[in-house]
Structure formats: C-alpha cells, structure tokens
Amino acid sequence: MRWTRCLRVLAVGAAVVSALFSPSAGDAAESNSGRLTDLVNPFIGAQNEGNTFPGAAVPFGMVQLSPDTGHNTGYDYTQHRIRGFSLVHLSGVGCAIGGDLPVLPTTGDVTETDYAKYAATFRHADEQASPGYYRVRLDSGVEAELTATARTGVQRYTFPATGKANVLLNAGQALHKNVSSKVEILDDRTVRTQITGSGFCRSTRPYTLYTVTRFNRPFTVHGTWYQDSITSGATKSSGPGRNGAYVTFDTRADRTVEATTALSYVDAHGAAVNLATAQGRSFDDIREDARQAWESRLDAVRVQGGGDTLRTTFYSSLYRSFLAPNVGSDADGRYTGWDQKIHRATGFTYYQNWSLWDTYRTQIQLLGLLAPHEARDMAISVLKVDEEGGWLPKWGYATVETNIMSGDPVTPFLTNAYQQGLLKGYEARAYRALRKNADGVPPADTMYVGREANREYIAHGFAPYVKGRPYAKPGDSDYHHGASVTLEYALSDAMLAQMARDLGHPADAARYAARSRDYRNLFDASTGFFRARGTSGTFTGQADPARGEGFHEGTAWQYQWLVPQDLRGLIGLLGGEKAANDRLDAFFAYDRLLKDPAGTARKVWVNGPYAYYNADKYNPQNEPDLIAPYTYLSTGQPWKTTDVVHAALTLFTDGPTGMTGNDDLGTMSAWNVFSSIGLFPVQPGHGTWGLSTPVFDRVDLLLDPAYYPRGGLTITAPGTSERDRYVQGVSLDGVGYDRTYVTNAMVRRLGTLAFTVGARPSGWGTAPDAAPPSLK
C-alpha cells in the first residue's frame, strides 16, 4: 500500500515577528472549510521576481497550465494582460523557459497573430486560484477556468452569446526561444502541434514537445496563421516564426466550450496516449481529483498553534515544494532520454527538470522525508540521464542539459538519496556514475559541462578563476566562478567520501575526504576570507571580501560558511569560536536584529531580488548562504540560530510579494518548511539535521513506514512564541538530549522530538561535543 506523504509542519511568514506566533481559534491547522487546500495561496511569489505561477497543476505534474502576462517566466502580478494560458511553467526559475502553446479565448474576428497584440485584459478582482484550479473573467466577457491531470491541461471557457467565439492556439510563441513549430487541424474537434524550443538563460540544445487538444464539441470555423498571414479553412501550418491555429464556435445556444490538451516529450502518439487518460471525465470531476491529490499531500500535515498568516505561508510553501521535478514519461512509460532516443520506464516513473544547484540544499531532503517513493524515482531518473546520455546532469530541462549554474550539485543530490535510503538496489550504479563525475570532465563533443575545472582542481587543489574565458558550451562556466566552485567541489567530495566508505571503497573515501579539505586553499590569511586564485595560483581580485571576484551569485562574506563538511576546521581558520561568532554577528547584523528582527531582515539583509554582489550581509533571497543561520549550532551559541531563523521567516508573507527571492523549484519554500518545524538539513548530501525552535506548538509528520518504521514523527514546542523562543532542553522519545543535531538514522526510529522553550537563552547545546561533527 502506498502511503500518502504527509507533513505536520507549518512554515512561517509574517510581516513582523509577532505574526509568527499569533494565536488562532482551533488547534489543528485547517481552514474554515476543513480543507487544507483552502489555506494555499498560489499567488504568493507572483510579484517582485519570486517567479511563481498561479495556474493549475497536480503534484509533480508534467503540465502546469497557467496564464502568461508578459513576464519572462510567465506571470507577473503587476501586469494586467494575459497573452495565453500555456502548458509548461517552472516555479520560481530566474530565466525564461516554458510557456509552450499559449491558448486564449477571444470573440469577434481573428485579425492578429502576435499574442502581445491580441492579449486580453483582466482585473485581479476577477481572478481566483487554488491548488489544481485557476479562474479568471477577462474584460472581453469570457470566463476561463483551468485544471489539470498529471499529463493534461483542461480548460473550460464560458463565452458571451456570440457566433464568433474563438480559441487561439499559438504554437509559434513561448517564454523561451521558439525554434520551429507545426500545427495540424485533424478534424472538427482536434488540433495537434509539434513545438521545438531552446533557451534558458543562454542558448541550449533544442528539445521538442508534442501536444494534442480535443474539444468537447465541434467547432464551426477554423484556420491557421503563419507570421502575419491568416488563412481561413487551412488545416496545416509550419515554420520557425509565429505559427498557430484558431477554431471558432457558435455560443448563442451553448456558451461553454471545454478542451483537453495533452503533452508528450516523446511523440504525437505519446500525446494521444496521455490524452486518453483524461477523456470521458468532466471538467468538474478532474478539478476535484486535482484538489484531492493536493489535499492528500497537505493532509499529512497537522500543526497546533500559529495564526492564519502562518498557516497560509506554510501550506503555500509546502504546496510549492511539491511542484517539481516533473513527470517526464508518458502514460505508457515511454520517455525521451538525454541521448534523444526513446526509452521505457519499467518499475518507476521517469522525472525531469533538475534545478540541482538550488534544490540540493533543501528541497530534495524534504521530498526524501515526505515523498520518498517519488524521490526514489527521481534519483533513478537522474541515474538514467547518466546511463543514456553519458554523464550526470547539472541543470537539466526537459530532454537537454542547460549547464546553468556551477559546481557539482548532482553529487549531494544523489548522496542524499543514498543517505535517506532511496537508492536500495542502485547503490553500485550510483557510485560508479558519481565517481566518474567526480574524477573526470565530459568530452568536448557532449552537451555536458560537468566539473569543468576538475583537472586543475585535482592537480592543484583549487578551481582557477579565469575572468573572461570564452564559454566552452552553452550555460555557465566553472572557470568564471573559481572561488565558489572550489567550495562546491569540496562539499561534494566530502559527501561522496561518506558514500565510498559505506560501500567499501576505502581508498576512494580517503582521496575524496582529502579533497574535501581543499577549501583551505582559498583562505587568505591576510584578509581572513576566502579569495579566488588565478591560473598561476596567486590570489586575484579585490581583497575586500564584499567585492572580491570569482563567486557565483554571492560574495566571500556569503560563501565563507559553505563548508558544512568541516565547520570545526573553518572555525579554526577564523581564529576560534569567539572570532567565528564575532564574524557571524557582523554578518547577520545581530545586535540590530535583536532590536528589530523584521526590519533588519528587510532593510539590512535584502537588497533586491538579483542583488548578489557588493554585500557583506546575509542574503536570504539566494542559495549560497541558506545554511549560514545554522552555523551558530557549531560555535557554542545555538540560541542565535533561532534568532536569525525567526527573523528570516518574517520575509515569507501571504501576498504576491511574500517570497524571498526566486523560489527555484521549491528551494526557498522548503527552507521555510524546515526552518518552521525546527529541523534543517545542515550537511546537504549527508544526513545531519540541525535543531532550532519550531514556530508551532506541535507538528505531526506522517511518514511512509517503508522508509520510516515508526510511521510518523511528532515535534512539540509547547508555548513557543516571540518571547519564549529559546530552547531550554530537548528530549527524544522522552530521553533528554543535549546535542544540536540528529541524524538520518535517528529520524528513522524517532517517534517524538520535544523542545522545551523559554524567554532566555540556556546552556542547551553549548557543550564541546554538542555541535554537528565534521565529516572525516
């Protein structure tokens, strides 16, 4: 029996710290209707570059049917014109991708072929969204409703009474670069397309998707367009430019038109197979099934304490954490591998879309805890990328590698899956792939970059920073970010060393463990910070750690804590615990934070969604220092972790601006979830969970007993509040516990994790052996 993956957690987020703990009527976290889906606000993050989407999807679905308003990632809450409802969106990404086949209902004559010109205006007062459902009444008088299954998007349009009710299917425009497209009207109910796209931050290899749209009633008129030329009655059109089809209905007697669009990354047959899974079911039935799918995910979470804002921000974060990765195989099991050949998934579901530089830090651990069955299939899918395409991915979209971001994020992704028990039967295959990735560089004739600077890193102990070096392949170059890349490689080596040791490869384990200490090669004793080294080995760039070069989307101040494998060693480099704490206090503006937590978070830490550089403070909007607040767990002052985390949680609110930075396929949302329940993955890729004060009195997680034999974990912190936020003591299954962390093995057998809280810091977690240990 497959258990529903459940979380009894809640996340935080209020404009001020007191809102984190405001009381509410009733103990359990649920809406007035008793449905947890009613607590989710899909519009959170739709403004200020959170880049989320409000449209319809099911957990991990292939299809995310959502409106595009002109923003490069799809939807921007500040805009009021919808270009179309398109099939594919990635939650919180920073570059244009997806937006394939925008469909828009119109009335009157079809005279425009550019969706920027025929876009429909709307008002937010006429808009509604909930998990698995979206509705808007356009100013044209047409009401559009969207819902979804795993592989189809379902639309219901209610038109005014007219003889010219149109549906425009635009195959030639999207959020990314449209390479070419083909449109075919098969009969008086069916339109088929083939779309080849490219792009995502920089040019990537093209990928192709196939769609088929089936209407619930015959259309009376049809035609196609290419560029500016519209041809009534035509049934085919193809080319590299604007390309699409329109179909027209008479809605004077029956005003409603329904359409189901299926998607496949394999072929037209795959789209037809996927379409068949939704046929014969009404829009309302599919909408209810989608809601129930989300209810099953969210219903595993029951919390006590907290107010309405807190519940909304948490369940919305939990919802976004389950949007990706996405199903990549068709209903018949076929999928297109990274060798561009067709394969069939047997015994698992194939997934795609891998924002690994982001998700390896938080989201993959959350899925391993709450959705282990799917997380296992995701890990197997990544191994299939290696087996079929030749190398492990870095940032994969659909059927191609984009090489976006830097370092080696796939290693902690897979070692985490191993540590969470998700790779049983695949351990040897995973290790072979990881070893090849860790010790080599993909050939020049492949689309993979991999560890691009690996030769120099292995030979000299650091990845060189080479400013202006030409890009070898589309995407990012590790040579442009040599300082942060060295830290990322060293982190990955540490995690791989643990797996090698477990699997009986002691020589490899020793070699990788030694490489994991290469972060020391970047330490400049004259500045007390990490600095980039050039090809000659000399430090390069400005000495000011806020302005140094060679760090990807961050500064030396923010990257200095990215040594989770050896914080004891890092603390030694900094001059001991006092020096490290002084550095941390400056980094977090701790004295100011104590007086004004929310103000410090918004006015000192946050400098704009893409303000990555020229800063000496914590950046809660981006990934490089997401773990940094938990460093205090290793410096003898664990209460400061709670102070910093609870201040950062105030950045999550229940409106469109309520995200901190891009969500990056659930990364920030998962940070919110973990930080709210008091359990955080402080050594990503290994399985060490840092402890801090939860923001709820009680959190019940119902866990899959196939992976967690107790079947659940209850986390309690009675009386937790803005005032009483400091840990006084911890007990595990009723037994006192004085360390600041637990391990995967402990989580598997735990039934209760109980915090006692109070108004002042205590001596809990301050003993020399209380901190998470460095990995050997």
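This is a predicted model: local features need pLDDT of at least 70, side-chain atom pairs count only at pLDDT 80 or more; totals for chains, interfaces and linings use all residues.

Visitor: How does one describe two packed helices?

Guide: Two packed helices are described by the angle between their axes and the distance between the axes. Here the axes of helix H9 (residues 427-439) and helix H12 (residues 506-515) come within 13 Å and cross at roughly 45 degrees. That makes H9 oblique to H12 (angles under 35 degrees count as roughly parallel, over 145 as roughly antiparallel, 65 to 115 as roughly perpendicular and the rest as oblique).

Visitor: Which residues of H9 and H12 meet?

Guide: From H9, Tyr431, Arg435, Ala438 and Asp439 meet Asp508, Arg511, Tyr512 and Arg515 of H12 (contact means heavy atoms within 4.5 Å). By class, this contact of H9 with H12 has three nonpolar, no polar and five charged residues.

Visitor: And how are aromatic rings read?

Guide: A pair of aromatic rings is described by the distance of the centres and the angle of the planes. Rings of Phe, Tyr and Trp (its six-membered ring) pair if their centres lie within 6.5 Å; planes under 30 degrees apart count as stacked, over 60 as edge-to-face and the rest as tilted. A search of the whole structure finds 38 aromatic pairs. In one of them, Phe60 and Phe322 have ring centres 5.9 Å apart and planes at 90 degrees, so the pair is edge-to-face.

Visitor: Where do Phe60 and Phe322 lie?

Guide: Phe60 lies in the segment before strand S1 (66-68) and Phe322 in the loop between helix H4 (308-321) and strand S19 (326-327), so the pair ties together parts that are 262 residues apart in sequence. Phe60 is buried, with a relative accessible area of 2% (buried means under 20%, exposed over 50%, partly exposed in between, with a 1.4 Å probe and protein chains only). Phe322 is buried too, at 0%.

Visitor: How many residues of helix H8 are buried?

Guide: Helix H8 (residues 410-419) is mostly covered, with ten of its ten residues buried. Among them are Val410, Phe413, Leu414 and Tyr418. Just after H8, Gly421 takes a positive phi of about 75 degrees. Helices (H or I, at least four residues) and strands (E, at least two) are DSSP runs, numbered from the N terminus.

Terms used
Residues are numbered from 1 along each chain as its sequence is written. Side-chain values use heavy atoms; hydrogens and water are left out. Axes are lines fitted to C-alpha atoms, for helices over the stretch in contact, and angles run from 0 to 180 degrees between N-to-C directions. Ala, Val, Leu, Ile, Met, Phe, Trp, Tyr, Cys and Pro count as nonpolar, Asp, Glu, Lys and Arg as charged, and the others, Gly among them, as polar.
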